[in-house]
Amino acid sequence: MKFGTKVIHAGIKPDPSTGAIMTPIYQTSTYVQEAPGKHKGYEYARTQNPTRSVLEENLAALENGKYGLCYASGLAAMDAILKLFAPGDEIICTNDIYGGSYRLLTKIFSVFGLKGVFVDMTNASDLSEAITSHTKMIWIETPTNPMLSIVDIESVCEIASKQDILVCVDNTFCSPFLQNPLDLGADLVTHSATKYINGHSDVIHGCIITNNEVLDEKLRFLQNAAGAVPGPMDCFLVLRGIKTLHLRVERSCQNAQKIAEFLRDHPAVSKVYYPGFEDHPNHSIAKKQMSMFGGMVSFDLVSNSYEMAEKILSGTKLFSLAESLGGVESLIGHPASMTHASIPKEEREKVGLTDSLIRLSVGVEDVDDLLQDLDKALKLVS
Ligand SMILES: *Cc1c(COP(=O)(O)O)cnc(C)c1O
């Protein structure tokens, strides 16, 4: 089955009791048993819920995996993965991972003896140097946020597999439509389904997909034992969002390309970060592992000043100033004060994350209106 068919059909069957074509919302906490232990496979809704099971199967198919697991948020999914490890273990991460992922590892799991090591993974030798006998997992985020650097998933997996190290890819920025890390050798792929997968900015949700039966068993045990499961209504909404994933992400990518080109030619803009440009330092890797170049664009201003950035951030009308990404509506954000505020200024600026850097999550609106909106806002600083 091709991707555009999977989003509609994979794991989805008419409801056995009524024939309802859409997966019902099984809003229940428990299931009646005929006799002790005699039931239809459902005992208690933390453990199993039919709406969730359909979504888990669908998500597994989208990432070309065998097993899918759903969580109450993207961070709950990461929390489950980190619980696979023990005190003394080391996890190597992309240096500019999502702030919440950084916080989970350094503020919570560090207390339990897990060590996070942060390296620039666009540089393979940096990665090899960071590996020790305690390294148990490599955590990749690509494209990175907000600089949109690309990590070569296949190369990292090659390095890891020689030393029995697991690789997990946080695939949130791509969605399964653009990139399938399991096909490139990753052991686990995770998403904040809050973003592209749901795509309508009305749910917090996370998932994990794997082909590894042992990992699936351990994660399924943790999912039930720790209990960070999503409710059936949220699973329904995510299932509904997925049906248009391919259409939404394709349009976002097309819009982002036009916007990146417009910004590159604008006199008030000094630099545009977009992996689809041929002169992007990792363009060839992006071309190899992604089917399109994504819906995210970051750019910096000639003036290099926060005051000018602020004018643009509050000057757009269609691009709403908000955290998050991957929804049908376009968003504009200021990484230095929003998502990356906890990182010291000197550290930020080393990677180009200046006070005037602006990040766009390009939605699926008509691109002419989006361009006009940006053009008007940029006039405020030109
Ligand atoms: C948003 C996000 C998360 C966290 O997901 P939540 O659903 O907000 O818990 C993790 N990774 C990335 C890349 C994200 O953008």
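How many salt bridges does the rule find across the interface of domain 1 and domain 2? The rule finds two there, a salt bridge being a side-chain nitrogen of Lys or Arg within 4 Å of a carboxyl oxygen of Asp or Glu.

Before you start clicking, note that this is a predicted model, where local features need pLDDT of at least 70 and side-chain atom pairs count only at pLDDT 80 or more, while totals for chains, interfaces and linings use all residues. Residues are numbered from 1 along each chain as its sequence is written, and side-chain values use heavy atoms, with hydrogens and water left out.

**Stop 1: the two domains**

Colour 3-242 as domain 1 and 245-379 as domain 2; these bounds come from an automatic or database domain assignment. Their contact (heavy atoms within 4.5 Å) takes 34 residues from domain 1 and 36 residues from domain 2. The C-alpha centres of the two domains are 26 Å apart.

Between them, about 3000 Å² is buried, with carbon and sulfur atoms giving 62% of it. Buried area here is the accessible area (1.4 Å probe) that two parts lose on being put together, summed over both. Now select M147, L178 and Y196: in domain 1 these lose the most area to domain 2, together 26% of what that side buries.

**Stop 2: helix α10**

Next, select 245-264, which is helix α10. Helices are DSSP runs (H or I, at least four residues), numbered from the N terminus.

Which α10 residues are buried? Among them are L245, H246, V249, C253, A256 and L263. Buried means under 20% relative accessible area, exposed over 50%, and partly exposed in between (1.4 Å probe, protein chains only).

**Stop 3: salt bridges**

The count comes to 13 salt bridges by this rule.

- K288 and E154: the closest N and O atoms are 4.0 Å apart.
- K83 and D79: N to O is 2.5 Å. K83 is partly exposed at 37% relative accessible area, whereas D79 counts as buried at 18%.
- K38 and E34: N to O is 3.1 Å. E34 counts as exposed at 64% relative accessibility, and K38 as partly exposed at 47%.
- E349 and K345: N to O is 3.5 Å. Both lie in helix α13 (residues 345-350), four residues apart, about one turn of the helix. E349 is partly exposed at 36%, as is K345 at 39%.

An α-helix has 3.6 residues a turn, so residues three or four places apart point the same way.

Then select R52, E56, D216 and R220 together: they are linked in a network of salt bridges.

**Stop 4: the cysteines**

C93 counts as buried, at 0% relative accessibility.

How values were computed:
Helices (H or I, at least four residues) and strands (E, at least two) are DSSP runs, numbered from the N terminus. The expected span of a helix is 1.5 Å times one less than its number of residues.
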